[in-house]
Amino acid sequence: MTKTDRDVLGRGMRILGIAIREEPRVFAAAVGASALYGATTVGSALVIGRVTDHVVVPAFHDGDTSTGALTGAFLVVFGIAILKALGIVGRRLWAGIMQYRLQATYRRRVTRQYLRLPLAWHHKHPTGALLSNANADVEAAWYPIAPLPMATGVVVMLLLAAAAMVATDWALALVGFVIFPAIFVLNVVYQRRQGPLAMRAQELRADVSAIAHESFDGALVVKTLGREDEEAARFAAASTELADANIAVGRVRALFDPLLEALPSLGVLLVLLAGSIRISHGDLEAGELVQIAYLFTLLAFPVRAIGWLLGDMPRAVVGFERVEHVLDADGESVYGDTAAGKSGPAGLEARTVRFGYLDGADVLTDVTFDVAPGRTVAVVGPTGSGKSTLASLLVRLVDPGSGAVLLDGVDLRDYRHGGIAATAALVPQQAFLFDDTVRDNITLGLDVDDDAVRAALRTAQAEEFVDRLPHGLDTKVGERGTSLSGGQRQRIALARALVRKPRLLVMDDATSAVDPRVEAAILAGLRDDAGPSTVVVVAYRKATIALADEVVFLEDGRIQARGTHRELLDASVGYRRLVNAYERAARERDQAAGTGPESPDPTTAAETRDEEVPA
Ligand code: ADP
Ligand code: MG
């Protein structure tokens, strides 16, 4: 054995140990049943030997046998067969229960951990890999559980068989002591060849699913840019590599499987050869020979369970260690025990906040500003200036590298789990809708009546178009809300935040696909009737920005200027250029389209045109 073999074996054994500790009772039951199976297998060979000596051979000699002897033989053989069958049923049943229970347990653990881990961790791990951790890797980790009880039973079987052979005849025992270790050694060589190949196949399987997932996710880009062929080629390359790896596994199997089949048959031949010589010398009874030869044929198959166990190990090691990597991941958000949530708008403050994504340069530097309760602040800045990053910091999707964000004067990190979610809501630019009804997309399990849902829709300027949908609130929106336009999706997402009556509402470009006049109406509505809420809004349009009490102008991750829209127009050249450029771009787009103001999202245009725009 090489060092890596021992390594894999050692790591595999550790995983089996963990499995046994997780499900000790089921494991004990499976092993008990398997030991019964092992004992009855050897027992049936012994009985067949006895029956040969006491029933079959006398019958040949005398040409006659007694009903009593036949009935007795039948009952014993039948009884043993029943016990053996029970052993097999129990073994398989409990092995299956153990395997699937472990899978379920670890799937739950992995997914729970995904929810616990902060966004910073998720930034590092592609979705495809997360899917494969929770699915393929968990399954692979517990593959060896299926043959584990059988392999344990085989050990019992081999010990009993060895004892029976030694007790019967030394020459036949010698054949056994050559053949069975040979099967075992062949198995080990097999696994050694197979192991790295199987490991590679498991890794490639994860790669293939990652690529597939990315392609599905990017379907729109792929289709619109006509990148189908390139995507197909990228996927083909990965899947060909996987196919090659699987074929390599198959080739090794094709070489070793027949050898493993042949060895026990060779053993039976040798036993018959040696046995007939011993019988002719009068050293052995015919029944004893039958017993040992039969034992060989019976044992040949189950002995390979040890091989299956070893064969599944490399894959299990890779799978389990990946799962472990998720379960052991640190950077888990820590929570304090401050309860959040008195009523009324929240006060917000960012104090010298610095933030950088993994091993990258700082995205935000020395960001300091505050929002008094009930006020509306617009965050304005060019693309890539860090607006979305800031938005995610304000609701603690990520923690600042240094500095702090305070809600009602308390560091976000001091709130208890779920406290911030109950107080603050972030509406992202990419509105995500579930394949569910409009109502369920808004409540998301929150227990509110339709009046509250309607009020939220009204403030989000969405009530009218929802009423015009075929089934109103009960309309299914399709996967990711595909049956709605971009602007409609954004307004549903906004209503989802509003129905929770957040004390702090952070809108990250959340109305970018909505008609400008509707956007202004939304913001005006938020200030007037949506109740007491503090609002931070990332915005581009002058009309929207002008509604804010104050503007924070962000550039390259630094606050360049703060003040009212008017003040900044006068004081900051950069600010003036930026908002005017946006305005000009929007106007040119509208003129080109010739249909009045239009949103940048082409799907919204059709929708906003026929919509009554609230004054
Ligand atoms: P904005 O919303 O103002 O357009 P963002 O906050 O999205 O800006 O991005 C600010 C900077 O952070 C950009 O340079 C961007 O490349 C980088 N960035 C954003 N998200 C990530 C991420 N998940 N990982 C690494 N860098 C990121
Ligand atoms: Mg952004």
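A nonpolar surface patch of about 670 Å² is formed by L36, F74, L75, F78, I82, L83 and L86 in this predicted model. Such a patch gathers residues with over 30% relative accessible area and no salt bridge, with nonpolar side chains (Val, Leu, Ile, Met, Phe, Trp, Tyr) joined within 5 Å and like charges within 9 Å; a salt bridge would be a side-chain nitrogen of Lys or Arg within 4 Å of a carboxyl oxygen of Asp or Glu. Areas follow the Shrake-Rupley method with a 1.4 Å probe, and for residues only the protein chains shown count as cover. Helix α3 (residues 67-116) contributes the most, with 6 residues; helices here are DSSP runs of H or I, at least four residues, and strands runs of E, at least two, numbered from the N terminus.

Strands β6 and β7 (residues 504-508) run parallel and are joined by 4 bridges; V427 has M507 as its bridge partner in β7.

Residues are numbered from 1 along each chain as its sequence is written, and chains are lettered from A and ligands numbered from 1 in the order written. Local features need pLDDT of at least 70, and side-chain atom pairs pLDDT 80 or more, while totals for chains, interfaces and linings use all residues; side-chain values use heavy atoms, leaving out hydrogens and water.

How values were computed
Pairing = 2+ DSSP bridges.
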